[in-house]
Amino acid sequence: MLQGPRKIHRPAYGSFSRNEWAIIGAPSDLIQQLAYGLSASLSEHYRLGYVDADPQSPQTALAYGSTLEYTDKATFHRLDFKAPLNRFQLRPLFNDQDAVLVNGNHFRAKKQIVIIDPRGEASLRKRLDHLTDVSLFLLTEEMTGPYAFLKKSLPHWADIPTMAIEELPLIAELLGQHLKAAQPPLSGLVLAGGYSQRMGRDKGLIDYHGRPQREYMQDQLASFCVDTWLSCRPEQQAKLSAFKTIPDTFIGLGPFGALLSAFRERPDHAWLVTAVDLPLLDEATLQQLTEGRNPSKVATAFRNPATDSPDPLLTIWEPRSYPVLLQFLAQGYASPRKVLLNSPIERLEPRHPQALTNVNSPEEYARIIAQLQGGKHRSR
């Protein structure tokens, strides 16, 4: 029976990022000053980008016929484009940022910070349609509250926090609260779609702990995730009707395709991904991973002592990793480990390295069974 195309869920982007504020209602120099101050105040915990317009054209290779110039400035890097950039090109450029502050005199953003400054009143009147989700009113020294036309345009204006623009620590604290609340929820994904060729039988059905391993692994993740799913091949789904499953929609790519399929289903969730064949994985290791999670990075992963590299089979992948994974695929790479090795990640040293032991063959299975029966494995 033919099926229609699967729905593609879109990430909750604004013009530049998932979290963005246009600062509007004042001259650009005041907006820039506020943006710089907020960036400095929040930089210890968050990565902030800034968007502005500059009418001055720098003298670069672009003036002599080039259309793109990359400059290594030692302390930062610069890319100059001789082409307009729409939101589809801009979003990947801001993918590493936790939030973006925008000069609202030139650009729109999903949320807004409105400065009540007489010098910007006329400009603000012309941009009322830009005020789609106001997070904060900021009063300059001579102002006591929002303009009457703002109150009329924003029915719920009284519920919007109001601060003095000089109260930078309080403003930064409020934005930090917004960013903390916007941290992506964590879903769990057990990779159970492999062919188990080396083992000779389905590794998800092996009983190490009194029930099939795929059930055991789901239960392990349940305490740390808002929900848990089994990753499987499409032909397995009918036999797994008792489970929440995500069938591969990126076929033939192994764990890489399973991860992309999960993000296709829920692009605004982070995914705690684990292989099904980790019989020694325990609560303490999962707790270390989730407590060490850094949502500002592409992923949080353990260093596997056996390979001295990040372990892709027990990793938290943040939503920002989705476009990164697709970029690697577009360049012909489908290795989660390669993505981890070439991306900004949070690396953790496992307190219990044996928890990362995966079992792929009958010989490895026999060793683990002997270890479990001998009581050498640390209990939960």
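Let's start with rings: those of Phe, Tyr and Trp (its six-membered ring) pair if their centres lie within 6.5 Å, and a pair is stacked if the planes are under 30 degrees apart, edge-to-face if over 60 and tilted for the rest. By this rule, the structure has 6 aromatic pairs.

Before you click, know that this is a predicted model, where local features need pLDDT of at least 70, side-chain atom pairs count only at pLDDT 80 or more, and totals for chains, interfaces and linings use all residues. Residues are numbered from 1 along each chain as its sequence is written, and side-chain values use heavy atoms, with hydrogens and water left out.

**Stop 1: the rings**

Select F16 and F94, an edge-to-face pair with 5.6 Å from centre to centre and 75° between the planes. This pair links distant parts of the chain, 78 residues apart: F16 sits in the segment before β1 (20-24), and F94 in the loop between α2 (87-93) and β5 (99-103). (Helices, H or I of at least four residues, and strands, E of at least two, are DSSP runs numbered from the N terminus.) Both phenylalanines, F16 and F94, are buried, where buried means under 20% relative accessible area, exposed over 50%, and partly exposed in between (1.4 Å probe, protein chains only).

Now jump to Y147 and F149, a stacked pair: 5.1 Å centre to centre, with 10° between the planes. Y147 is buried at 8% relative accessibility, and F149 is buried at 13%.

**Stop 2: charges over rings**

A charge sits over a ring if NZ of Lys or CZ of Arg is within 6 Å of the ring centre and within 35 degrees of the ring normal. Pick R18, which lies over the face of Y13 at 4.8 Å from the ring centre. Then try R201: its charged end is over the ring of Y365, 4.7 Å from the centre.

**Stop 3: two cysteines**

How many disulfides does a search of the whole structure find? It finds 0, a disulfide being a pair of cysteine sulfur atoms within 2.5 Å. C225 is buried at 10% relative accessibility, and C232 is buried at 0%.

**Stop 4: T60**

Finish at T60, in the loop between β2 (48-51) and β3 (68-72). T60 is buried, with a relative accessible area of 8%. Leaving aside neighbours within four places in sequence, T60 is in contact (heavy atoms within 4.5 Å) with E69, R78 and D80.
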